[in-house]
Amino acid sequence: MSTPVSRSDATSEWTRKKLEKFTALFLNQDIGSLAPLIFFVALIVVFGAAEPRVFLSEGNLTSILNNGAVLAILACGLTIVLVVGEFDLSIAAAASFGGALAAVLVAQHGWPLAPTIIAVVLSGVVIGVSNGILVTRFEMPALIATIGVASLLDGLTLWITGNAVIFTNFSDAFLISGGWSIGNIQAPVFYLLAVALVLAVALQYTATGRWLYATGGNRAASRMAGIRIDRQIMLAFVVADVLGALAGFIYTARQGSLTPQFGTGFLLPTFAAAFLGSVTLSRRSFHVVGTLVGVYLIETGTVGLLILGAPAYTQQLFAGAVLILATMGARYRGRGGSIRRS
């Protein structure tokens with residue numbers, strides 16, 4: 001006769017197996033891909049030890065989470081373009097234009113919330129299609145094409161706003177759309193969670209996601225496999241710029257004001273986060289989870305340095321350093337130079 005297994009023994013066995021699985025996953029992980037996470041934890045430890053009452057306070061930690069959400073939405077959109085092997089330097093300008101368009105329609109023309117959101121989404125579609133056509137039909141390098149589109153968007157933003165700050169006459173519905181919260185967690189964080197979840201699932205578990213990765217990995221082989229490369233590139237630009245325009249809308253609604261070309265300051269951190277994410281938990285592969293780690297590593301480092309008394313331009317310096325190091329790390333690991341365990 002078999003000996004009956006008690007519930008506590010079964011629970012212990014289940015726990016043991018889970019721990020063994022987690023340990024095996026960690027040991028099989030490329031050590032180099034864990035470096036950003038280790039650095040992230042180190043930042044928290046250092047800043048927490050230096051200013052525990054301020055940095056580790058609930059208010060500061062939730063502030064980091066809330067303030068990084070719009071940047072993370074932008075970075076998630078950029079990640080899709082980077083997956084197909086292109087660049088989008090217009091995504092920050094798309095955010096500025098999306099925010100400006102929303103502010104002008106609501107505050108100056110009295111539009112309701114729903115039509116305003118539709119207009120912002122359509123503007124992102126037009127921007128993305130424009131980028132896609134320039135890159136696929138006219139075969140322009142993405143860097144040149146998106147710089148040109150960004151310049152046009154900056155001009156349009158200044159034109160429709162009259163180069164003036166808009167901070168009055170916003171409807172209650174508009175302000176609530178960016179200002180609601182659950183506890184101390186504000187609306188942009190929940191929008192980010194929805195965006196990140198949809199993109200992560202789409203990239204990893206759908207045919208479209210596989211086609212996007214194939215396009216960025218080997219275009220010749222992808223064409224031979226029947227993948228429509230131009231369509232995937234167009235889709236990537238449209239998704240990125242729609243998210244860029246919506247990020248601008250969310251930022252403006254949360255702030256309750258619009259400063260023309262506010263998105264300019266987001267461009268460098270967005271690229272830095274995405275490139276840092278490409279060497280996080282992967283071997284030189286852009287993915288949403290890594291991008292989120294990159295965003296909040298930059299946000300944590302910036303806030304920590306400001307708490308220690310660093311000047312306001314610290315974010316640009318920190319993001320620039322992260323971008324350089326992440327790019328160097330991606331190239332190093334892409335050549336097979338990753339750290340190996342003995």
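Reader: What counts as a helix here, and which one holds Thr 300?

Author: Helices are DSSP runs of H or I with at least four residues, numbered from the N terminus. This is a predicted model. In it, Thr 300 sits in helix α15, residues 288-307.

Reader: Is Thr 300 buried or exposed?

Author: Buried means under 20% relative accessible area. Thr 300 has a relative accessible area of 5%, so it is buried.

Reader: Which residues does Thr 300 touch, leaving out those up to four places away in sequence?

Author: Its contacts are Phe 40, Ile 44, Phe 47, Phe 55 and Ile 64. Asn 60 is 240 residues from Thr 300 along the chain, yet their C-alpha atoms are separated by 9.9 Å.

Reader: Now helix α11. Which of its residues are buried?

Author: Start with the general idea. An α-helix has 3.6 residues a turn, so residues three or four places apart point the same way. In α11, residues 207-217, the buried ones are Gly 209, Leu 212 and Thr 215. Seen down the helix axis, they fall within an arc of 125°, so they line one face of α11.

Reader: What is exposed on the other side of α11?

Author: Arg 210 and Gly 217 are exposed there.

Reader: And what covers the buried residues of α11?

Author: The cover includes α5 (69-83), α10 (187-205), α12 (219-224) and α13.

Reader: Next, α7. How does its span agree with its number of residues?

Author: Take 1.5 Å times one less than the number of residues. The 24 residues of α7 should span 34 Å, and its end C-alpha atoms are 34 Å apart, which agrees.

Reader: What do the buried residues of α7 pack against?

Author: They pack against α6 (91-108), α8 (142-161) and α13 (229-255). Among the buried residues are Thr 116, Ala 119, Val 120, Ser 123, Gly 124 and Ile 127.

Reader: Take Thr 116 in α7. What does it touch, not counting residues up to four places away in sequence?

Author: Thr 116 touches Ala 102, Leu 105, Val 106, Trp 111 and Phe 249. Its relative accessibility is 0%, so Thr 116 counts as buried.

Key
Residues numbered from 1 in each chain as written. Predicted model: local features only at pLDDT ≥ 70, side-chain atom pairs only at ≥ 80, totals over all residues. Heavy atoms only, no water. Helix = DSSP H or I, 4+ residues; strand = E, 2+ residues; numbered from the N terminus. Buried < 20%, exposed > 50% of the residue type's maximum accessible area, 1.4 Å probe, protein only. Contact = heavy atoms within 4.5 Å. Arc of directions from axis to C-beta.
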